[in-house]
Amino acid sequence: MFDYETLKLIWWLLVGVLLIGFAIMDGHDMGVGTLLPILGKDDTDRRVMINSVAPHWDGNQVWFITGGGAIFAAWPFVYATAFSGMYWALLLVLFALFFRPVGFEYRSKLPNPAWRAAWDWGLFAGSAVPALVFGVAFGNLFLGVPFSLDDTMRSFYSGSFWALLNPFALLCGVVSLSLLGLQGATFLAHRTEGTLQLRAKLAVSVLAIVLLLAFSGAGVVVWRIDGYVIQSIPDVGGVINPLMKEVVRQPGAWFGNFQKLPILWSIPAIAYVGALLALLAVRAGKTLIAFVGSSLACLSVILTAGVALFPFILPSSAMPKASLTAWDATSSYVTLNVMLWVALIFTPIVLAYTSWAYHVMSGKVTREFIAANDKQLY
Amino acid sequence: MIDSAVVDLSRIQFAATALYHFIFVPLTLGLSWLLVAMESVHVLTGKEIYRDMTRFWGKLFGINFALGVTTGITMEFQFGTNWAYYSHYVGDIFGAPLAIEGLMAFFLESTMVGLFFFGWQRLSKPGHLLVTTLMALGANLSAALILIANGWMQDPVGSAFNPITMRMELTDFWALIFSHAAQAKFVHTVSAGYVTGSLFVLGISSWYLLKGSNIEFARRSFRIAAAFGLAGALSVIVLGDESGYAVSESQKSKLATIEAMWETEPAPAGFNLIASINEEQQSNNWAIRIPYALGLIATRSTTETLPGIREIRAENEARIKSGIEAVIALEAVRKEPQNAELMARFRSLEKDLGYGLLLKAYTEDVRQATPEMIRKAAHASVPPVSTLFWSFRLMVGLGLAMLALFALAFWSSARNNFQQKPWLLKWALFFIPAPWIACEAGWWVAEFGRQPWTVFGILPTHLSTSSLSVADLYGSLFGFVGFYTLLLVVEMYLMFKYARLGPAVLQPNKH
């Protein structure tokens, strides 16, 4: 039905959709977890926050798991090279995530305050660390990752974990942390009431401003650094491997796609619109619109980064021609085609029952509700 | 060359994380259907006690489920972090069922689990039952897709090597999905989960009955678990046999190893019940045998012979020699992918490519392989016998003992006299760990029995790892084992605490 080149492009979009889905869905419960020690002044407050996402965090986390699976299936080169190269960064994310299922499930099983406080910090780490590391990882994509491929396509990573934590990447970490924090804050503003809601609204204002400053700052840095450009590549509609192309580095090259196709500037513009919408709507008491605004910011920030990098996925600073791109890091035609059908069939089904689950559990979570259902809730 | 310490540590880490994960998975698989059964009775009869049973066993389900999710996160990413070359070499095929698992099964299970716990007051009775059923369905579908992925590692169907991308690629999606190895493994594995869930409920209910607490609650739970467990135990054994039949088709080395069958015997071969194994001499010092049994089970015929370990090693030595030519032909065709003659030569040798790669454990350049290296590689092409032989017998022995337990429990619950049989109740209580031991032993048979391959006949284990350092691996291995152990201790503490509290934890002084 589609030719190979179109399929490669569609899969670039689909992985993007999964990452955006992750940011919007898992992003809001990670945002709530990040804000847990900041906004939750007592145990009941914290239980209100936790129970606002309790029925959904597990389903939302599957966006992350499926993202990993989809990258494996669609871009096996990326799955293999990125996760083994940035070994400790990924393990840090995994170890932090370990705290979430047990944190949610075990926290309120015992009344002991020390027990609960320990799991609260676990939930904070399980939310804030991944949110930060994802941005740091994206930042390093812009700088290039030091890996090479040998002629059997085995990848070798020559950097260190600490080199990932450079100032620009950390700035990108601030972007992702404030983005997911904003997502959590707008969600809390919508699902809570009273003083906790007031604190959540304040957090929305602060985080929206931090997000826009950090996002703008990252844009200025990207303008000044070297980007990557494909100089020559065989027919992108054919069967190729990453070593068959030539790549050069050029200052400002990450803005190339925007210069070629100025309509793309609307994508980063939506980030500003979304964040400002969240900020203004929450002040007007339109909390659902604030959540939509924040979700728009998630969408456009991720899409901005993707479009800037396109067609690069994982540029290599150590061996530029080994850079992984949407044209040469993909699966075979058969796999991309089969997986496209799987995605087309199941994604709407997933969205349907997820919406139903939110519909069933809709409404505000209150302090009275927690007190009345002490044993049944997290 | 790849540091063999990196390979060994990567294997230990994978085994540790997979075995830990599989402490929690079987209980989820089985208990979820038991919850469906209990809640169905509640919806059909309107009896409150069955709803309380669903909620109480559901609480224990939740305590277990949390660690299943925790340890499961690792599994989705560990192929990339620690088995990067494997991920590159077979990701085109292996990644697909993993991604489908997320989209089709894990989303369903995880979304419904939230509604299962928090939707009691917001859903109608049938609505909540539907949620519970979809949760169980999601969990079991998850297992199906993971075992399709694993089945392909055991019997790599529907795929071909692509010299340009230097990897295996999918050629037939439906062959992958409906692989005989995968189907047999799936039903065998989920049945093992049903047995685990049933014995968990049966054992804890027996404990209440022995103590004389929660009698009405425990009696009903005991009955449901006995019936479901008997069906599960029968299925696990019948489908285990099917799995063995599938293995005899695809992996003769695994079959010969778990049977400690050194020599090819005239058909039908005898079955070694127990044996004293001598790996050095490639023979058994002595064995207690059942004549004809193995041949009949494994080939379902009286005339088909099964090759012994010595014969398999000799065959593999020939394939390794031919594999050297395949590796050389591959290198040539990769330099000139358009050369039809070179491609034709590679295709004619391709089936032994994996065997040629076995030599990479001994030499970087297979042209330099000495006869000694070839002999060593052929010897290592069959895994060490003793641990497989005994772990298989441990699994089967426990399986049969559990079948006996469930048969007696079912018989007694039909005659309604199990409360008068403290020996049966004690048996059920002290047998709670049995299904876990059998499951882990089964994992060992399946995965260690496939060595020295990650993908049987295609990709050797020692080529499959990431380019990491020994220090990286020590760090992550201790991190995983330490973290998981800590969480397991917490989980066991809560599990014991809530099992002791019993259904009273829902509403005091009720049953």
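How much space lies in the second largest cavity? We will find out in the second close-up below.

Before we start, note that this is a predicted model, in which local features need pLDDT of at least 70 and side-chain atom pairs count only at pLDDT 80 or more, while totals for chains, interfaces and linings use all residues. Residues are numbered from 1 along each chain as its sequence is written, chains are lettered from A and ligands numbered from 1 in the order in which they are written, and side-chain values use heavy atoms, leaving out hydrogens and water.

**View 1. The largest cavity has a volume of about 90 Å³.** Rolling a probe the size of a water molecule over the atoms shows where empty space is left. Here a cavity is a set of points, on a 1 Å grid over the protein atoms alone, where a 1.4 Å probe fits but cannot get out, and lining residues have an atom within 4 Å of a point. Grid points are joined across faces, edges and corners, and a volume is the space filled by probe spheres set on the points. By this rule there are seven cavities of 30 Å³ or more. Look for the 14 residues that line the largest one; Trp57(A), Asp58(A), Glu105(A), Tyr378(A) and Phe65(B) lie nearest its centre. At least two lining residues come from each of α3 (57-74) and α5 (87-106) of chain A and α2 (48-82) and α3 (84-118) of chain B. These helices are DSSP runs (H or I, at least four residues), as strands are (E, at least two), numbered from the N terminus. The lining has 10 nonpolar, two polar and two charged residues, where Ala, Val, Leu, Ile, Met, Phe, Trp, Tyr, Cys and Pro count as nonpolar, Asp, Glu, Lys and Arg as charged, and the others, Gly among them, as polar.

**View 2. The second largest cavity holds about 70 Å³ of space.** It is lined by 13 residues, and the closest to its centre are Met153(A), Arg154(A), Ser155(A), Ala84(B) and Tyr85(B). Two or more lining residues come from α4 (76-85) of chain A and also from α3 of chain B. Sorted by class, this lining has six nonpolar, six polar and one charged residues.

**View 3. Chain B meets chain A through 81 residues of chain B and 74 residues of chain A.** Contact means heavy atoms within 4.5 Å. About 6900 Å² is buried between the two chains, and carbon and sulfur atoms give 72% of it.

**View 4. Domain 1 (4-251 + 383-502) and domain 2 (256-382) make up the division of chain B.** Domain bounds come from an automatic or database domain assignment. The C-alpha centres of these two domains of chain B lie 31 Å apart. In chain B, 28 residues of domain 1 are in contact with 35 residues of domain 2, and the two domains bury about 2700 Å² between them, 64% of it on carbon and sulfur atoms.

**View 5. Arg393(B) and Glu259(B) form a salt bridge, with their closest N and O atoms 2.8 Å apart.** A salt bridge is a side-chain nitrogen of Lys or Arg within 4 Å of a carboxyl oxygen of Asp or Glu. In another, Asp45(A) pairs with Arg199(A), the closest N and O atoms being 3.0 Å apart. Asp45(A) sits in helix α2 (residues 43-53) of chain A and Arg199(A) in helix α8 (residues 194-224) of chain A, so this pair ties together parts that are 154 residues apart in sequence.

Note on methods:
1 Å grid on protein atoms, 1.4 Å probe; cavity = no way out; pocket = protein on both sides within 12 Å on 5 of 7 lines; lining within 4 Å. Buried area = accessible area lost by both parts, 1.4 Å probe.
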